[in-house]
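Please look through the structure below before reading on. The paragraphs after it are meant to be read alongside it.

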Amino acid sequence: MKITWLGHSCFEIDNILIDPFITENPESPRTLDQLKPEIIAVTHGHADHLGDTTELAKNDCTVIAIHEIANYLRSFGINAIGMNIGGTVEIDGKKFIMTHAFHSSGIDEADFKWSGGSPAGYVIDIGARIYHAGDTSLFTDMKLIKELYTPEIALLPIGGVFTMGIKEAAIATSWLNPKIVIPMHYNTFPPIKQDPQKFVEAVKSVCDTEVVILKPGESLDI
Ligand code: NI
Ligand code: MN
């Protein structure tokens with residue numbers, strides 16, 4: 001199984017695409033016609049996460065999102081499954097557990113009558129357990145995520161400004177204590193410029209987790 005980083009918070013794992021921010025992402029290594037996801041998981045309504053979901057989900061695709069965003073997507077005829085924080089949805093043996101994220105979630109592209117509900121993260125259990133934190137600050141319930149779901153791989157934002165930065169993400173790594181952490185949500189735009197080597201050093205000072213730095217388009221085999 002491969003985890004491919006498509007820049008920002010977008011990852012392709014098997015037939016799953018998380019937060020498909022493609023056409024407006026200056027770092028995207030793919031174009032829309034190169035992607036055929038069967039499942040899309042959306043963490044929140046911001047344009048850099050909901051991204052190209054409506055376009056990509058038109059054909060034979062199931063979208064997983066929080067209740068409010070799922071309702072919004074259904075208004076376009078998209079097959080969307082609504083869920084909420086703490087819940088689990090299973091599709092073809094793949095489990096999606098929705099977790100807290102401390103952030104905001106207005107749907108940038110929508111009229112104000114649509115609420116984006118709460119922002120979220122996911123633990124995705126596909127044999128390996130992968131935690132995608134979404135956009136979030138550090139929060140102590142990450143210890144509960146570790147206790148309940150023991151993720152082996154964590155995908156954590158490190159860009160700062162809109163999410164936690166390197167210092168906080170290193171502490172998150174020590175609390176989650178996965179085998180591997182992959183940083184995301186950095187170097188897409190000038191405000192979230194970061195040196196990922198500094199994240200490697202910060203993690204090394206608090207725990208034994210291996211930091212894997214991917215370039216957009218690169219994959220980790222698990
Ligand atoms: Ni956001
Ligand atoms: Mn974001």
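What follows turns to a metal site and then to one helix.

This is a predicted model, in which local features need pLDDT of at least 70 and side-chain atom pairs count only at pLDDT 80 or more, while totals for chains, interfaces and linings use all residues. Residues are numbered from 1 along each chain as its sequence is written, ligands are numbered from 1 in the order in which they are written, and side-chain values use heavy atoms, without hydrogens or water.

The nickel ion (ligand 1) is coordinated at 2.2 to 2.3 Å by His44 (NE2), His46 (ND1), His103 (NE2) and Asp135 (OD), where donors are N, O and S atoms within 2.8 Å of the metal (3.2 Å for Na, K and Ca), and, since water is not among the atoms, sites may look incomplete. Asp135 also coordinates the manganese ion (ligand 2), which lies 3.2 Å from the nickel ion (ligand 1). His46 sits in the loop between β4 (39-41) and α1 (47-50) and Asp135 in the loop between β10 (128-132) and α4 (142-149), so the pair ties together parts that are 89 residues apart in sequence; helices (H or I, at least four residues) and strands (E, at least two) are DSSP runs, numbered from the N terminus. Both His46 and Asp135 are buried, meaning under 20% relative accessible area, whereas exposed means over 50% and partly exposed in between (1.4 Å probe, protein chains only).

In helix α6 (residues 196-204), the buried residues are Pro196, Phe199, Val200, Ala202 and Val203. They cover an arc of only 170° around the axis, which puts them on the same side of α6, the arc being that of the directions from the helix axis to the C-beta atoms. On the other side of α6, Glu201 and Lys204 are exposed.
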